Amino acid sequence: MKRLLFLTIIVVFLVYLAPIGFHFYQNGHPAEQEIHTVQNVENPSDSQALDGQNANKTADDADAAQAADEKTAEKQAPDAAASEKDTSPALRVSVNGRVREMSLEEYVAGAVAAEMPASFPDEALKAQAVAARTYAVYKQSLGRDEKHPDAVVCDDYTHCAAFVDLKNDAEELWGNKAEAWTKKIRAAAEKTAGKIVTYHDAPIAAVFHAAAAKQTEAAVSVWGADVPYLESVSSAGDDACPEYDSEVTLRAEEFRQLLLKKYPDINLTGLPKTWFTEVQSSEAGGVTSCKVGGIAMKGTEVRELLQLNSTHFTISTTDSTITFRTQGYGHGVGMSQYGAKHMAEDGKTFTEILEHYYTGTKVSDLAA
Ligand SMILES: [Zn+2]
């Protein structure tokens, strides 16, 4: 029963909250703020913020990614194994709404390409590869997915993880760097082939995000579910994320109308400074809950309503405006991709990176 509840909570947050950061491959999420680009695991709000603006991506890259996105639907090459040495199990992946069968390792390489800039250091890319592989294996362990019952994972980063078809779309994605980046990404997958992150011998929900705010959030603070390996841990180097500091300012009337749509009975009269009360924060500094015009809301709800980059926000008001300033990018739970980059640059291995961000876990070999 407890396990069922836990799985339900995990699925709910993966669907609605998870995405993390990068997804530079996917463009144009009007609901979110047109910011994202890199590539990462799940969360709608997260990703747009970085697209196209990542320090590692050029404008040409972004254009290429968009072109690739538009063309992928017509290009379906046979999905052979990535290489003759690839004997990994087959995985059913929903790509652009069509189910394709490919090897697990081919999937991992495509997910890394879509979720993390290829310019990141090797050990960070390897950590990302293990996280993507772990996530697929974890999803498989959950059984049928209601959203895509015929596939284990899909390429919607707001649900599973973004995915790029490296065989067909690398050139459109990376232009003249296609060969070098493809080689680098494939190496990250191959050098970690068959490795997953486990907690008590079971694959974990290896969630990640673009950048924490110096400390990751515990799952319980963001999603309300206490997950032993998703605790709050220190995270250095997050501020290298181009969207680390961000702000959203709304006119008071604009804010009032937005909230009235969802809460017709909300009381937003008087000055804006009286509208926000009982702001509660997590140990990592993210807003867990607050009251807005007398209505209790979770930090994640405020983030979603206002399309903030993270729940790590402060609120400041004037008589006619409200400003939300955020730090970090994504839900803040699990591995920080910029944190992974920082650790890799600091000489840490992918195993050290993963075991740092996923408390009490270890990197194990997938059982044959
Ligand atoms: Zn999915």
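User: What pLDDT does the protein chain average?

Analyst: The model is predicted, so start with pLDDT, the predictor's confidence in each residue. The chain averages 83, and 77% of the residues score at least 70. Over residues 7-82, the pLDDT is below 50. That stretch still has 226 contacts in the model beyond near neighbours in sequence.

User: How many residues does the largest nonpolar core have?

Analyst: In soluble globular proteins, nonpolar side chains tend to be buried together. Here the largest nonpolar core has 67 residues. Val112, Ala206 and Leu354 have the most contacts inside it. Helix α5, residues 122-142, supplies the largest share of this core, with 11 residues. There is also a second, separate core of 13 residues, including Val287 and Phe313.

User: Which residues is Ala206 in contact with, leaving aside neighbours within four places in sequence?

Analyst: Among them are Ala131, Thr134, Tyr135 and Tyr138. Val197, Gly334 and Tyr358 are in contact with Ala206 as well.

User: In what order do the three strands form the open sheet?

Analyst: Strands of a sheet pair through backbone hydrogen bonds, either parallel or antiparallel. This sheet has the order β2-β1-β3, with mixed pairing. Strands β2 (98-103) and β3 (153-154) are the edges, each pairing on one side only. Strand β1, residues 90-95, runs parallel to β3, and two bridges join them. Ser94 has Cys154 in β3 as its bridge partner.

User: Which strands does helix α4 touch?

Analyst: Helix α4, residues 104-115, packs on the sheet and touches β1 and β2. The direction of helix α4 makes about 110° with that of β2.

Key:
Residues are numbered from 1 along each chain as its sequence is written. This is a predicted model: local features need pLDDT of at least 70, side-chain atom pairs count only at pLDDT 80 or more; totals for chains, interfaces and linings use all residues. A nonpolar core is a set of buried Ala, Val, Leu, Ile, Met, Phe, Trp, Tyr and Cys residues joined through C-beta atoms within 7 Å. A residue is buried if 20 or more other C-beta atoms lie within 10 Å of its own, exposed if 12 or fewer, and partly exposed in between; C-beta atoms are placed from the backbone. Helices (H or I, at least four residues) and strands (E, at least two) are DSSP runs, numbered from the N terminus. Two residues are in contact if their C-beta atoms, placed from the backbone, lie within 7 Å. pLDDT is the predictor's confidence in each residue, from 0 to 100. Two strands pair if DSSP finds at least two bridges between them. Axes are lines fitted to C-alpha atoms, for helices over the stretch in contact, and angles run from 0 to 180 degrees between N-to-C directions.
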